[in-house]
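Me: Please take me through this model one feature at a time. I would like the general idea and then the case at hand.

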Amino acid sequence: MRARPVILIPFIWLGLFFLAPLLIVVRLAFSESAQARPPYRPVFSWSDGFATWIDKIQAFGLDNFELLLSEPLYGDALLSSVRLAALGTALVLVLAYPIAYAIAKAPRDKRLFLLTLIVVPFWTSFLIRIYAWIALLKPEGLINHMLMQMGWIRAPLPLFGNDLAIVIGIAYSYLPFMVLPLYATLEKLDWSLEEAARDLGATRMRAFWRVTFPQTHRGIIAGILLVFVPALGEFIIPDLLGGSDTLMIGKVLWSEFFNNRDWPLAAAIAVALLIAMAVPLAILRNVETEGTR
Amino acid sequence: MPLVSIEHVSKSFGTVRAVDDVSLTIGEGEFFALLGPSGCGKTTLMRMIAGFGAPDQGRILLQGRDLAGVPPHNRPVNMMFQSYALFPHLNVFDNVAFGLREEGVAKADIFARVEEALRLVQMQGFARRKPDALSGGQKQRVALARAVVKRPKLLLLDEPLAALDRRLREETQEELKRLQQTLGIAFLVVTHDQDEAMMMADRIAVMEKGCVLQIGAPATLYEEPKSRAVAKFIGDANVFDPEIRARIDDRALVHIGVANFEVTAPPGAFALGLRPEKIRVLEQERADPDLITLDATIDHILYRGDVTDLRVITNGLPLRVSMLNATRHKALRLSRGDAIRIAFDPADVMVLSV
């Protein structure tokens, strides 16, 4: 019984800082835009009682969502976000797996140091690091400059101001979020299994694919969730590295909120994004539970 | 030609010489054991045979072919790991079939051979189970089936029984021995348990600190150990540093406690060993004149049912005596502090290098 208050703390935390803001955003999504301060008129007020809410949803509340569905811009932005976030996540996975594997295989006393090396760059400001990528990727940037100096290319490669730059930005920014769960899974593996596979006739490569890799699906799923979900709503990376034609839902949301001052529509986008994220989460959860069966 | 020849193999990890100039041979169809305390280098040696780690010096030959540079997956040798190393994401059938699939065996043959291997270890009904749903003994059987299904020339078993409880261990010892005879494959077992090695192996190599102390059949190691270390590691032994009273060629007149007798010994210092069960506790009977008889006091009695282990003191010299309880009341008549007479045959005294 003593444990009870302790267990309550995370619930209070979640209630105050997760559930309450979420409810505010949802309520905002069902509101009307207005020339006011704050710039909306709530359709629902907390004092009305639930019975009237349903009528109001039918009468007005879904307008913002209808707009989201009817205006192709939003759907396109979401699809484009999913595509870029998925590409970025795939690239992160490809980069992070060998890193996590190498760290897990390193001598025990060196592992913490190597993990720290992965995390240390992330102690500086996220914005500054993304700005640094501009300097690296732009046509007269470091990478193009070097490649041209070495005579490998004649004209600068289009690395900046496009989708490729965003994918690179996502891959760079979210690397630790993939390395850490993968490392946590790999570190617990019994390496004698890999040896057993090699003893039974598998080359190192095949031993990895047939024995080690299948055992790390939990780490892979955790890493994908940790990277894909925030990357989907990413704003800074597309804003700084992407081109003028780059469509990402986070950017659209930002411009609805700050440029158009349409808070209810921005809130509706946020809610739609949340639902869009819940779908892959639910699928992965299913895969996960099937895997354990 | 022996199946495996290990020639002057050494291997170091940093400054530690894990295996130090080891040479031995394993014959076709032989059940060979590497016996020694943990850290004696036996596992390192076995892993080098499997291809995990190369010798710093020396060579390992399999049927006359040097294995240097041959990766583990190309060696006709399979290993049963101490942890069993069953693949947790595959069921029993797929675990056993793993090696055959890597080899590219035809599908129909895989099925037949896996079935056969599972039958051999009496695990036919468990093909669809995942390793997590098996008991320790069942896992051990599956690991064994997986290791023999490829019909290796040599099967390596790393502490095969260490994870089993005592009763299961005894049963499995017999089964392993029978399986080895059925298959006709040479087995190399690594173990720290001398009983296990004695009961299963045709020959045993006793290892200590990276070196092989002695190689021989279990009975040879027990009855004719060459050194003090082997005598103490295999079985129980009273070991003495005798006083040498006189020497003529290889005959030496030695004195221990109050007894004087002659032994055959090489020149130089030596120790003497006497197994506890070779010492007789005399009752009323008159001792054989060839035996050396001593007066002793019982210091401690360890009753074990079939035998009684006595700690006795004879003229200040402590001795371990193992008495077979051949009649019902033999042990009951003894108690601590009793004065008894004991006897041993000088022919049973083992001469050991120090």
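Me: How should I treat the model and its numbering?
Reply: The model is predicted, so local features need pLDDT of at least 70 and side-chain atom pairs pLDDT 80 or more, while totals for chains, interfaces and linings use all residues; side-chain values use heavy atoms, without hydrogens and water. Residues are numbered from 1 along each chain as its sequence is written, with chains lettered from A and ligands numbered from 1 in the order in which they are written.

Me: What area is buried between chain B and chain A?
Reply: Buried area is the accessible area (1.4 Å probe) that two parts lose on being put together, summed over both. Here that is about 1800 Å², with 56% from carbon and sulfur atoms. H73(B), F98(B) and E102(B) supply 31% of the area that chain B buries against chain A, more than any other three residues. The contact involves 22 residues from chain B and 18 residues from chain A.

Me: How many salt bridges does the rule find across the interface of chain B and chain A?
Reply: A salt bridge is a side-chain nitrogen of Lys or Arg within 4 Å of a carboxyl oxygen of Asp or Glu. The rule finds three across this interface. One of them joins E195(A) and R47(B), whose closest N and O atoms are 2.6 Å apart.

Terms used. Contact means heavy atoms within 4.5 Å.
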